[in-house]
Each structure stands twice: as C-alpha cells, then as structure tokens.
Amino acid sequence: MKFTDVILQTSTKILVFIILTFSIYVMFAGHNNPGGGFIGGLITASALILLYIAFDVKTVHEIIPIDFKLIGAAGVLISLLTGIGSLALGYPFLSQAFAYRDLPLFGKTELATAVIFDLGVYMAVVGTTMTIILSIGEDE
Amino acid sequence: MSWLHFAVLSPFLFTLIVPLLNKNIRRIHTGWFVLAIPLLLFIYFLGHFPLDPAVAPVVHSLPWIPSLGIHFTLYLDGLALLLLLIITGIGTLVVLYSIYYMSMEREALHNFYVYLLIFMGAMLGIVLSDNLLVLYGFWEMTSVSSFLLIAYWYQRSKSRYGAQKSMLITVSGGFSMLFGFILLHKIAGTFSIREIIAMSGDIADHALFIPAMLLILLGAFTKSAQFPFHIWLPDAMEAPTPISAYLHSATMVKAGVYLVARLTPIFGGNMEWFWIITIFGLITLFWGSFMAIRQNDLKALLAYSTISQLGLIMSLLGIGSAALNANFSDQALLFSGAALAAVFHLFNHSIFKGCLFMVIGILDHETGTRDIRKLGGLMSIMPISFTLTVIGGLSMAGLPPFSGFLSKEMFFTGVLTAARNMDQWVFLLPAVAWVASILTFVYCLILVFKTFTGPYQPQRLDKTPHEAPVGMLISPGILAVLVVVFFFFPNLLSLSLLEPALHSIMPNLLPPGERFDVSISAWHGFNTELIMTIGIILLGTMLYIYLKNWSGIYDTLPRKYTLNNAYDKGLTGMERMSLKFTSTYMTGFLHNYLSYIFVVMICLTAGTLLGQGVFTIDLSTNSSIELYEFMLGISVVIAAVYIVFSRSRMTSIIAVGSIGYMVSLFFVIFRAPDLALTQLVVETITTALFLLCFYYLPKMKKELSRLRFKISNLLISLGVGITLTLIGLSVQGHNLFDSIARYFENSYELAGAKNIVNSLLVDFRAFDTMLEIVVLFTAGIAVYNLIKLRENRRNNR
Amino acid sequence: METFITIIAGVLFTIGTYLILSKGLVRIILGISLFTHGVHLLLMAVNGLKKGGAPLLGEATDVYTDPLPQALILTSIVISFALTAFSLVLGYRTYVELGTDDLEQLKGDPNE
C-alpha cells in the first residue's frame, strides 16, 4: 500500500493532532461526560489509522516506533492491577475509590481509581485495534 | 492450613520446580532432588508413630466450598498412618531406585517425576481425606497420573493401549463411586466420613443404602483390580518398572482396599457387604494365581500375582467385616482377626512385591528381556538379585522365615473362622483359599527357579548379564531385609501400627480404652493352618515338577471368550456405533450446524412461549414516532435487503457500514451519547478493516444452489426473525418488576461519576469490562498470529 | 416507536440469518454484523424508548433513560468489533490458503 496524496497527507498532519487531543479529552472526561476508555481508545486508533493511510506503514513506524501488542498487554495488565490493588487493601476485587483534592493548576479535582482502570481499557483498545489493523496492513 | 495440609500439597508444589531443575541442572540426576520429598514426608509421618488409639486422631480442617459442605478436612488415624508410611516409604525407595533405572540422557525425566509426584500427592490426599468428595478428587487424580505414567513411553502402541485401558476401567469405576458417594450424602446429609460413621447405625435401613454400597464397591473393585475388572493391571505393566513397583503393586491398587477398610464401619454390619467382598476377593485370589502360572513375561506374572494377592486382602476384609454383624457378636473378636490379617498382609505385600518388582526391573535392565523362556541359570551371575528374589518369592509363597508366612497363616485362620462359625456352603471358602495358595506357591517357584536355575542361554539374551550396580540393589535390599526382620519381630509392628489401623476399621467394637489383642507369633502349635501349609508345599512342589504335564489345561480355555476380548470388542463396537450415530448429523458443513442451532432455537423459544400463551402484544406504551425516524428505519431496511441481492463486495460492505452509521443515529435519538460515539468510531474502523482486507477477500459469486436450499434457508431466517420480533414485542407488554437502573442513578455518591454508563463500566461492573478487554486483546493476538505465523512458515520454507 | 424499532431489528435478524446460512464467507461475516446491529436495536427497544434524558447526572431532566442496556450495548459493540475483525481475517486467510470460500468445499474429510 504505497500511494502519495499530497492533500491527504497535509491535512492529516493537522487532523491527527486534533483527533488525538480530542481522544485524550474524551478518555478523561468519560467519568462525568460522554466518553471513556473505549471511545477514547477507538478515536485514538482511528487517528493512527488515518496516519497509516496517508503515509505508509514503514514511514509511520519510523516516526512512532511502538509495538502496539505491548500497549494492549500493558492495558490489560493495568486494569488487572487496579483490581489486585483493591484486593491487597482488603476490599473485593476491582473495588474503585475516589476523592477530591486541590491540585495546583487544576483546582479542585476528582481523583478516581476508576480512571486508572479506564486508562487500562483505553490502552487495551488502542493496542488491540492497531495490532489488528497493522497485521493486516503489513500482510502482503 | 496446617502442616498436614502442607504435607499433602508439597508434592504438587514441588512439581512446579521439577522441570526447571531438570532443564538447568543437567549434571545431577533430577531424581536426587525429588528424593527429598518422600523422604521428608516419611520422616514427618514417622513422627506420628506410634499412634495411641486412645488419643484422638489428628484432624485439621480447611473450609473449601462451605456452602456445599465440602471441606478439605484431613484426618490422620491408624489406618491412614499405615498407608502413609507405605506410600512415602516405598516412594522413597522407588525414587532412589529410579535414579539408577531411568537413564539421565535418554529419558524425559521431568515428565516422569512430575507425574510421579502428582501421584504421590494424590495418594496422600486419598488416605488423609475425611471428605468423600475431596477423596474422590484425589482418587481420579491417581487414575490420571497412572494413565500418564503407563503411557510414559507413548511411542509404543502397547503403552498407549494399556494406559487407555486402565484409564477407562478405573475412571468408570470411580465415576460410579462418585454416584455412590452422592447417594451416601443423600442418606446421611454429610460428606464427612467420620460423621457418617458416627450415624452408621441409623442409616442402614435407608432404601438407598444398598445401591450406594454397590456403587462404591464398584469403584473399589476397579481400582484394586478385582475380578472381572482385573484385566487392566497386566496391560499396565508397560509402565517403567519403578512405576509398576510403586503404583501397580504397592500403593495405587491398594486404594480400593483402603476404601473398603475405611468404609467398613459404615457398611460392615451388612451381610451383603460380607458376601460380595469375600466372594469377589476369593475369585480374584484364585483366578489371579491360576493365570499367573501361565505367563511367560516376568512382569505379567507379577501383575497376576498382584491381582491374586489383592483378592486375598479383599476377602480378608470381607470376612473381618462379619465382626460388626449383630449375628456374630459372640465371635466378633475372632472375625476381627481376619481384618488384622488384611492390614498385616497389605503391609507385607507392599514390601515383598515392591522388592520383587525392583529385582525384575534389574533383570530386565541387565539382560534385556523379561521372558522366562530366555532366562535361566543366572544364579551364579547375579547372586544378590537371586537372593533377593528368593526372599521376596518365598515370602509371597508364605514360607518361613519370611513375613508373608505370618499373614498367610492368619489368612487361613480367617477363612477357617468363617467356615466354623457360619453354616451353609461356607466350608468352600477354606478350600478355595487352599487351592489358590497352592497355585501361588507354584508361580513363586516358577519365578525363582525358572529364572535363576536351569540352563544358561547367553545366545538368546540381548546383553551380557552381570550384577546390577549397588545403587540399584539398595532399595530391594532394604525391603528384603524388612521381610526377614518382620518375621522374627512382627510385634514391632503389631501394637504400634496394626492395632491402631484395626481400631480405625472397627472403632466401636471394643469398649473405650481397651485394645485389640494383636500379638502375632509364628508358632501356634500343630493346628489346621500348619497342616494346610505343609499340604501346599508338598502339592505345590509336585505341581511345579509336573508342570509340563498339566499346563495343557490353559489351552482348553476358549480364546474367544476371554475378558480381554470382550473389552476390545466392546470398545471397538462402541466406537463404531458412536461414529455411525454422529456421522448422521456431523456432516462437516457449517450450514447444517447453524441450521440445527437456529431450528432448535425457534422450536424451543417459540414453542414454549406459544404453549405458555405469553405472546400478548401491548402497544399502548409506545412512544411517538417522527417522520425522519421513520425514514431512517426504512433506509436501514432497504440497505439490509440490498445486501442480499448485491453481488459486489464493495457495495455490500458500504451498505453494512451505512447500516452501522444509521444505528448510531438511532442511538442519538434514543439519548445514548456514549453509544452513538462508540458506534460511529467502530463503524469507521470496521469499514477500514474491510477495505484493508478487500484485496484478499473472495469475490461474491452468485449463489449457485438449488431452490430447495434457498427456500429452507429463507424459512429458517424468517422463523428466527419472526420469533425474535415477537419476543421483543411481547416483552414490552410485560413489565414484571422495576428496573434496577434506579440504583445506578446514585453513581455520583457511590462512584463519584456523573456519567452513569461509564461508571457502570469502570466501577459497578468493572469485572465484566476487565474480562471484555481480555477478550478483545485475545482477538487481537489471534489475528496477529493468523497472519504472522504463516509468514514465519513461508520464510522457513 | 418501540414496535417500529423491534420490527426493524426483526428484519435485520431475518436478513442476517439468511446471510449466515449462505455459502460464501463474505456473506457470513456481513450477516454476523447485521445480526449484531439487530441485537443492539432490540435491546434498546425492549426497554422503552424516549423515556427520559441521557444518563448523565446534571442533565436538565427529571427521568433518565435506563443506563443498563446502554452499558450492555457498549460492551457488545466492542466485542463484536473484535469478532468481526477476527472472522474477517480468518475468512481471508482461509480463502488465500485454500483457494475457495465455498463452505461446501471447505468441509472436512468425513473420516477425520
């Protein structure tokens, strides 16, 4: 898959960053607004796919040398560890907790362990989706 | 979790590091590391010795599934201790022996020792479990590990055959035993053996009592190779010899005997129990010794002799159980002597049979054959092995000065007691026992003299025989020494080990505080037992000398009607039957399987719902519908119908994608922002995926199939669609209870989240989500492998 | 509205089943996709539609839509994505490797 479309490439350069920013916002906003790990992960993946379509696999791999399988595995591991963390503290598996703290810059902020769990979901979704797409894309 | 629990689990835990040891420390035989486990356990259990029956036995409980009354309770009493010492003691010697027997270079030692340790742990579990279901679990574990060990040389078809045979027979017996246990639980309301024993008087009249007993006995008989289930044991001899010595003579086959002894306090008072066990035991005793004479393979000879000896122990337990019957309360102590003989012979048999198996292993190892016809004249070449065989063989034959003599005499006392105190045709018991003992004597002579005396035939042997290395002789040597020691000092055992064991078989026979009179002596005066023994020696020797003249009777047995033949025929017959049956519907065509599923679904759901008359459709709660919503729905239908008739891949994919986008629009209308967002992105990515694969995807051809095929498909799909629609419609009219969703509206107080759907996913039902991403990731890895593994293969080519 | 959506779901089920029962691999995969959409719509419909605001606390509404089916469907969407991806790859690998996508020809040896 190698073709060059200048318009697509130029617009992709800008669009990808907008989409990525949005996806991260969606991921963290998920606790209180529409969004969350699944949606955030999928949007991130779609941004990356756009990148891969506009440029080719090799070029992108040089820019982002990430093994997405590891990201996926790390995501599953993180969500598992939040569960084990609550076990270690004597609560049932995967109990979540939250608290409100004053943070510099952010003001009064909610800190929830569920967000860490959601981060794991996010990473698993990104990792898996990209693994699937790249496996197919690299297949010749 | 007590030390006792740890002792049972320690072999299992050790299996985890055995492969590592075998892989990383190549210079030292893995057996040396494994040796530590049985040795330490032996020392640990020796610490409980001598167990005073007056003191309460050791009990440790660990709740496992309390709601079902299943506790991992361990119970160490006299009977358990006896078995534990055999298991760990012989286990130590077997592992030591195996270090010399199993070649470090050629064999897969990690497999061997892992299976062996699993077996050892399971055996400890059987003996110590108080809970019937836990016992059953360990019981099947021994069957599985025995299967793995018999099939250890899985390249040989005979090993695989033997392994399968033993597995099928013992596991089906175990299965019936499980049913028996469940019935017992139904009767007594508990799985605890001790609690059932405590109420043994009350449950004997229950209607299920006899069925439970029969089912449990079936399990015990298959495991202990009683006639007619004994056929698996000779085939199990394909296992490496240390395994034959350990599993198939000293320990595993004793599990059935153990179970009978353990449950005697529950069932012992019943005459059915007495008759079944005694008769099957005596038949097995006779048949095993009769068949042993015929064998040419030394291991097969020992296998049949093991069967025969197990029958002897079993029949003794049967006779002993009469002590618990109310009709014989006056002679109770006499009958209990038979149970004592059973326990004593169980111990003796483990020792001398273990010794014999190890020596046969040595012979096999040094000469390359176990065929009696090829062996002979080895006495001067292998003098130590010869001595050991003589000790073991004559102990088995029941001659002084070896411990087997004592238990054989006690066996005769047992059958004579039964004959004297019962009427009818019980006088046959001593006769059968006597004939079987003569045959036993004959095969012991064959074992010793055909192998070690007579002409030496080096030209028929694969190797030049010489005496085995010292290490290999240590284990059988120790056992042979014990055989002699226990003849001269049987009372070393009797008070400390046998009496507590007898006490656990018959806990309520004596008033509290009293002990059984168990002193064993070799000389009882010139009584019937001694005359019987002398008769055995005279007749046995004669039969041995004239063996050629009468061995023709074996050829008169019809070959067609043997049990083995029946087993083989039954097995192949069942395979053919089931193949015939399954091949009628397992066509290998996905379409058929899916049709079955759909048709069954339609019949079951639509049928039940129509039968119950719940298809009442109430449309009054419907909300209003706008024109644009209607248009959207119609577009979905048009796109879907289009796919059926489309012959272009591209347009079909686009049509499916458009349906996805329209569904996400519906989600917007239904006030589900999360869903709408997700569906939108997923649909995009899925379409991209389809397009990526597009190049490789097969072209959609016109379905060139018969009209009947199409019509049946159409009918099935209409059926599915209509059934589901009707269900969906009638569900709306039935609001049986309030939605539980109101609870989740507290998500801000409970989870600190304003997005209820998200808090459901990451907080309330986080476990589901976690498993979901595991599934997702698994799918990703599967896709990766589907593509990359093939590339690797292509590169290798 | 509920009846209408249920009937649309029924149409999707019918067509999805028909496609799944056909012989070509691509049709089967597409059929599974349609089936999933049908399930999602049905899940929404049986619960009653347009009964309240979006399940976000702080919305200006008295009643919220039931969030439970939404959570179920969200899970289902992601799983069905994984399923589609897998079956797609399986399908095309089968085709590339064996040279046919006709299930009648793909069936195994009866003696296997």
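Four residue pairs are in polar contact between chain B and chain C, both residues at pLDDT 80 or more. A polar contact here is a pair of N or O atoms within 3.5 Å; within protein, one must be able to donate a hydrogen and the other to accept it, and residues adjacent in sequence count only if both atoms are side-chain atoms.

Some conventions. This is a predicted model, in which local features need pLDDT of at least 70 and side-chain atom pairs count only at pLDDT 80 or more, while totals for chains, interfaces and linings use all residues. Residues are numbered from 1 along each chain as its sequence is written, chains are lettered from A and ligands numbered from 1 in the order in which they are written, and side-chain values use heavy atoms, with hydrogens and water left out.

Back to the interface. The rule finds zero salt bridges across it, a salt bridge being a side-chain nitrogen of Lys or Arg within 4 Å of a carboxyl oxygen of Asp or Glu. Contact, meaning heavy atoms within 4.5 Å, joins 98 residues of chain B to 77 residues of chain C. The side of chain B that touches chain C has 58 nonpolar, 25 polar and 15 charged residues. In that scheme Ala, Val, Leu, Ile, Met, Phe, Trp, Tyr, Cys and Pro are nonpolar, Asp, Glu, Lys and Arg are charged, and the others, Gly among them, are polar.

On a 1 Å grid over the protein atoms alone, a cavity is a set of points where a 1.4 Å probe fits but cannot get out; a pocket is an open set with protein on both sides within 12 Å along at least five of seven lines; lining residues have an atom within 4 Å of a point. Grid points are joined across faces, edges and corners, and a volume is the space filled by probe spheres set on the points.

There are eight cavities of 30 Å³ or more. The largest cavity has about 130 Å³, and among its 13 lining residues Glu683(B), Ser33(C), His37(C), Ser80(C) and Thr84(C) are closest to the centre. Its lining is four nonpolar, eight polar and one charged.

The largest pocket holds about 1,200 Å³. Of its 42 lining residues, Lys158(B), Pro234(B), Asp235(B), Asp297(B) and Ala300(B) lie nearest the centre. By class that lining is 18 nonpolar, nine polar and 15 charged.

The second largest pocket holds about 760 Å³. Its lining has 25 residues, with Asn735(B), Ser739(B), Val46(C), Asn47(C) and Asp66(C) nearest the centre.
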